[in-house]
Amino acid sequence: MLGLRTVIFKVPDLEKAKQWYMDAFQAKPYFDEVFYIGFDIGGYELGLVPENIPKSKKSSNVVAYWGVEDINKSYQDLIKMGATPDEEPTNVGGELMVASVLDPWDNCIGIIYNPYFKLADKNN
């Protein structure tokens, strides 16, 4: 295993989701087609794909956490943009804080403040 590469969210309206994620992550897609929209978020891929058969309820049994500097501000910013609270910012030990929201299409977005995590050097 080489580590996390891509997190994909299924959405019924790719254009609306693209705009929402551009605002939420303050990033523009590097790949933008009718079948896939890809963002580079700090060296990791966030992908959007069309949801052809909507599910009645999406599962949150797996949560991808995106690193943030200020978890309370990031959490509140996402809520203001139309996300629904899932888990309020919670201390999970030491300085580690996690939270999660549901995007407007019920995809679970985790955010984490983790001052202990350092990206591996890509040259090693």
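Author: We begin with burial. A residue counts as buried when its relative accessible area is under 20%, as exposed when that area is over 50%, and as partly exposed in between. Keep in mind that this is a predicted model.

Reader: Are F9 and Y21 buried or exposed?

Author: Both F9 and Y21 are buried.

Reader: How do I read a pair of aromatic rings?

Author: Rings pair if their centres lie within 6.5 Å; planes under 30 degrees apart count as stacked, and planes over 60 degrees apart as edge-to-face. By this rule the structure has seven aromatic pairs. One of them is F9 with Y21, a stacked pair with 5.6 Å from centre to centre and 20 degrees between the planes. F9 belongs to strand β1 (residues 6-11) and Y21 to helix α1, so this pair ties together parts that are 12 residues apart in sequence.

Reader: How are the rings of F25 and W66 arranged, and why?

Author: Their centres are 5.4 Å apart and their planes stand at 85 degrees, so this pair is edge-to-face. The pair links distant parts of the chain, with F25 in helix α1 and W66 in strand β5, 41 residues apart. F25 is buried at a relative accessible area of 17%, and W66 is buried as well, at 8%.

Reader: Which residues do ring pairs link into a cluster?

Author: The cluster consists of F9, W20, Y21, F25, W66 and W105.

Reader: Now the strands. How do I read a sheet?

Author: Two strands pair if there are at least two bridges between them. With pairing settled, read the order of the strands across the sheet. Here, an open sheet of four strands has the order β5-β8-β7-β6, and its pairing is mixed.

Reader: Which strands stand at the edges, and why does each have a side without a neighbour?

Author: The edge strands are β5 (65-67) and β6 (84-93); each has a single partner strand, so one side of each is left without a neighbour in the sheet. On average, neighbouring strands of this sheet are turned by 25 degrees against each other, direction ignored.

Reader: How do β7 and β8 pair?

Author: Strand β7 (residues 96-102) and strand β8 (residues 108-113) are antiparallel, with six bridges between them. Within this pair, V98 of β7 stands opposite I112 in β8.

Reader: What about strands β2, β3 and β4?

Author: Strand β2 (residues 31-33) runs antiparallel to β3, and three bridges join the two. A hairpin through two residues connects β2 to β3. Strand β4 (residues 44-50) is also antiparallel to β3, joined by five bridges. Residue I37 shows both pairings: it is the bridge partner of D32, and its own bridge partner in β4 is L48.

Reader: Why is β3 described as largely enclosed?

Author: Five of the six residues of β3 (residues 36-41) are buried, so the strand is largely enclosed by the rest of the structure.

Reader: How do I read a helix that lies on a sheet?

Author: Helix α2 (residues 71-80) lies across β6, β7 and β8, running at about 170 degrees to β6. Its buried residues are I71, S74, Y75 and L78. These cover an arc of only 100 degrees around the axis, which puts them on the same side of α2. They pack against α1 (14-25), β6, β7 and β8.

Reader: Where are Q26 and D106 placed?

Author: Q26 is in the loop between α1 and β2 and is exposed, with a relative accessible area of 68%. D106 is in the loop between β7 and β8 and counts as partly exposed, at 43%.

Notes
Residues are numbered from 1 along each chain as its sequence is written. This is a predicted model: local features need pLDDT of at least 70, side-chain atom pairs count only at pLDDT 80 or more; totals for chains, interfaces and linings use all residues. Side-chain values use heavy atoms; hydrogens and water are left out. Axes are lines fitted to C-alpha atoms, for helices over the stretch in contact, and angles run from 0 to 180 degrees between N-to-C directions. Contact means heavy atoms within 4.5 Å. Buried means under 20% relative accessible area, exposed over 50%, partly exposed in between (1.4 Å probe, protein chains only). The arc is that of the directions from the helix axis to the C-beta atoms. Rings of Phe, Tyr and Trp (its six-membered ring) pair if their centres lie within 6.5 Å; planes under 30 degrees apart count as stacked, over 60 as edge-to-face and the rest as tilted.
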